[in-house]
Structure formats: structure tokens, C-alpha cells
Amino acid sequence: MSKILLIEDDLEMQELLKDYLRIYEFSATCFSDPLVAIKELEECEFALVILDLMLPKLDGFEVCKRIRKFSQVPIVISSARGNLGDKVLAYECGADDYLAKPYEPKELIMRINAVLKRAMPKATAKQIGEFSINEDACKIFYQGSQLDLTKIEYEILTLLLNNKGKILSRSTINQALQKELKDRSIDMHISNIRNKLLDDSKSPKFIKSVWGMGYEFIG
């Protein structure tokens, strides 16, 4: 599931959007306090932000400005304020799209998918099957959705993808990444990657364990 940060102080609206997003395989993390939400965004990776304008402590315009100081994550405004002036200001503050409440939840999904598609890496992306590697941004996309990977998970999965069909030993992985990871640590990172790909180690679709030798990307 792609992770979405939802900044909305209406708890009923929070639950409505969270449940609807889940239907379309988006995982929403919800915050009413924009300051806490900004801190969460600084520490964690999200595919997109849904932002209300009328919030406690900071309005949505200021939140948008603060996010843009450290992140280019796509931002979709979801607000009851629908006049043209607010829309223009929102775009000037860095928003990618604007939906005036009330709206059909289905329209929000359509807007999210369109924004995410525009945000997909293009010229700098390397395509391997259904995977896209953006080496400049250190991000990997699967079927258009960004994978929530740590730095070392990104490095290991990139190495496996670039060596598709080859068995890589733990020693080879360490040498290629210029690391000194213990075997158990590499196994743990591989396990985390599998979990994020919903890959079953017993019947793998992507990463195969070769007993006594290492790992092979077979996807």
C-alpha cells in the first residue's frame, strides 16, 4: 500500500477518508495537529499528503510552505474553502491539486492517482519489469507506487534488480555495497524487503533464497 499523510482536524472526515483510501489500497496516517504531522513527514516517507486548509495552530497555506522547505512530496488540498483566491494561493504555496468540499471520495482517488502519476520519475528512471529505479532520488517504484524502503533496503533491492537472474552471496552484497553487514543482518533486510513486496519466501515471486549460496532476484 502507498502511504498517505492525511492532515485533517475533522475526525469524522478523517475516518471517512481513511476507510475509503484503504479500499483503493492506500494506507492513511492521520493527524489533526499540523505541527505533529510536519514532524512525522520529516522522519518518515510518504507518497502523498492530503491537506485541509482550516487547521489549529497553522493554516494549510503555512503548512504547505513549511513542507516545501524540505520535501517535494505531492500535496492535494482538501478544503471547504473553494473560492478562486484560496486555490491560487494554495498553488503558489506548493500544492499540486485542490479539491473543494464537499466532493465524491471517488474523485479524490482519481486526483491522487493523477498526481502520483505526474510525480513518477521519468528520464532518470531505470525500468526493470514492473520496477522503476530512480537513482537520483534513491527511490524504487513497483507498479507505479513508491516502496517504503530504508536506505540499506533501497541499496540491496537495487543491487538485486540490477543483477536479475544472478545469485548474489552475502559476501558479494557486502562488497558491492561497501558494507560490513553480518549475514543475519543481510537476511533481516531481505526479509523486510520481502514483506514490503508481499513476497512469500516459501513460494517467492521476486527474491529467491538459494541454499548455501545467497539470493537471486527472479521477478
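**Reading helices, salt bridges and cores**

Modeller: Asp187 is partly exposed, with a relative accessible area of 27%, where partly exposed is the class between buried (under 20% relative accessible area) and exposed (over 50%), taken with a 1.4 Å probe and protein chains only. The model is predicted, so local features need pLDDT of at least 70 and side-chain atom pairs count only at pLDDT 80 or more, while totals for chains, interfaces and linings use all residues. Residues are numbered from 1 along each chain as its sequence is written, and side-chain values use heavy atoms, with hydrogens and water left out.

Colleague: With which residue does the side chain of Asp187 meet in a salt bridge?

Modeller: A salt bridge is a side-chain nitrogen of Lys or Arg within 4 Å of a carboxyl oxygen of Asp or Glu. Here the partner of Asp187 is Arg170, at 2.9 Å from N to O. This pair links distant parts of the chain, since Arg170 lies in helix α7 and Asp187 in helix α8, 17 residues apart. Helices (H or I, at least four residues) and strands (E, at least two) are DSSP runs, numbered from the N terminus. Arg170 is partly exposed as well, with a relative accessible area of 25%.

Colleague: How many salt bridges does the structure hold?

Modeller: There are 15 salt bridges. Among them is the one between Asp148 and Lys3, at 3.4 Å from N to O; Asp148 sits in the loop between β9 (145-146) and α6, and Lys3 in strand β1 (residues 2-7), 145 residues apart. Another joins Arg66 and Glu62, whose closest N and O atoms are 3.2 Å apart. Because Arg66 and Glu62 are four residues apart in helix α3 (residues 60-68), about one helical turn separates them.

Colleague: Which residues of helix α7 are buried?

Modeller: In α7 (residues 170-177), the buried residues are Ile173, Asn174 and Leu177. They cover an arc of only 100° around the axis, which puts them on the same side of α7; the arc is that of the directions from the helix axis to the C-beta atoms. What covers these buried residues includes α6 (151-162), β10 (167-168), α8 (183-197) and β12 (214-217). Just after α7, Gln178 takes a positive phi of about 55°.

Colleague: Which residues touch the most other members of the largest nonpolar core?

Modeller: In soluble globular proteins, nonpolar side chains tend to be buried together. A nonpolar core is a set of buried Ala, Val, Leu, Ile, Met, Phe, Trp, Tyr and Cys residues joined through side-chain atoms within 4.5 Å. The largest one has 25 residues, and Phe131 and Ile140 touch the most other members. At least two residues of this core come from each of β7 (131-134), β8 (139-142), α6, α7, α8 and β12, and the largest share, seven residues, comes from α6. Apart from this core lies another, of 23 residues, among them Phe31, Ala37, Leu41 and Phe61.

Colleague: What does Leu41 touch, not counting residues up to four places away in sequence?

Modeller: Contact means heavy atoms within 4.5 Å, and on that basis Leu41 touches Leu5, Phe46, Val49, Ile67, Phe70 and Val73. Leu41 is placed in helix α2 (residues 34-43) and is buried, with a relative accessible area of 7%. Although Leu41 and Leu5 are 36 residues apart along the chain, their C-alpha atoms are separated by 7.7 Å.
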